[in-house]
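Please look over the sequence and the model below. The paragraphs that follow walk through the fold, the surface and the charged pairs.

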Amino acid sequence: EKAKEQADAEALTAREEMSVRVLELEARAMGADGERDLALTVKAGLEAKVAEAEKAKEQADAEALTAREEMSVRVLELEARAMGADGERDLALTVKAGLEAKVAEAEKAKEQA
């Protein structure tokens, strides 16, 4: 009976050790799963930040393009206005020259008369 009790005790100890080992292995597996889940969460967060940064860059590029287009339109407007002013000045000079010619003609005609 003593040998049977000792065998039972050894079997119980072996079962307890096996249970502890199984629990250790399960805990290690859960830890690995937890680490994997954490890594996946961090990766998803980083991917979201990258996507957000790319979207912000695209928006900034679009705003810069719009600003450049608006600047180009403004430059064209100013150039057109300057050309218009040059045209008006040229027209005024032409009219003035024409009037001066008529005055000179009238004076010449007056002198001849």
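Is arginine 36 buried, partly exposed or exposed? Arginine 36 counts as partly exposed, because its relative accessibility is 47%. Buried means under 20% relative accessible area, exposed means over 50%, and partly exposed lies in between (1.4 Å probe, protein chains only). Arginine 36 also forms a salt bridge with aspartate 37, with the closest N and O atoms 3.3 Å apart. A salt bridge here is a side-chain nitrogen of Lys or Arg within 4 Å of a carboxyl oxygen of Asp or Glu. Aspartate 37 is partly exposed, at a relative accessible area of 40%.

Some ground rules come next. This is a predicted model: local features need pLDDT of at least 70, side-chain atom pairs count only at pLDDT 80 or more, and totals for chains, interfaces and linings use all residues. Residues are numbered from 1 along each chain as its sequence is written, and side-chain values use heavy atoms, leaving out hydrogens and water.

Now the overall form. The chain has 1 helix and 0 strands. Helices (H or I, at least four residues) and strands (E, at least two) are DSSP runs, numbered from the N terminus. Helix H1 covers residues 2–112. The C-alpha trace spans about 165 × 5 × 5 Å along its principal axes. The radius of gyration is 48 Å, whereas a compact globule of 113 residues would have one near 13 Å. That radius is taken over C-alpha atoms, and the globule rule is 2.2 Å times the number of residues to the power 0.38.

Alanine 27 and valine 73 are 46 residues apart along the chain, and their C-alpha atoms are separated by 68 Å. Glutamate 88 and alanine 56 are 32 residues apart in sequence and 47 Å apart in space, C-alpha to C-alpha.

What share of the 113 residues counts as buried? The share is 0%. Alanine 27 is partly exposed because its relative accessibility is 46%. Glutamate 88 lies in helix H1 and is exposed, with a relative accessible area of 61%. The chain exposes about 10,300 Å², and carbon and sulfur atoms supply 61% of that area. Accessible areas come from the Shrake-Rupley method with a 1.4 Å probe; for residues, only the protein chains shown count as cover.

One nonpolar surface patch of about 290 Å² is made by Leu38, Val42 and Leu46. Patches are made of residues with over 30% relative accessible area and no salt bridge; like charges are joined within 9 Å, nonpolar side chains (Val, Leu, Ile, Met, Phe, Trp, Tyr) within 5 Å. Valine 42 is partly exposed, at 44% relative accessibility.

Next come the charges. Side chains of opposite charge can pair when their charged atoms come close. The count comes to 9 salt bridges. One of them joins lysine 4 and aspartate 8 (3.6 Å, N to O). Both residues lie in helix H1, 4 residues apart, about one turn of the helix. Lysine 4 is exposed at 57% relative accessibility, while aspartate 8 is partly exposed at 42%. Another salt bridge links arginine 21 and glutamate 24 (3.5 Å, N to O). These two are 3 residues apart in helix H1, about one turn.
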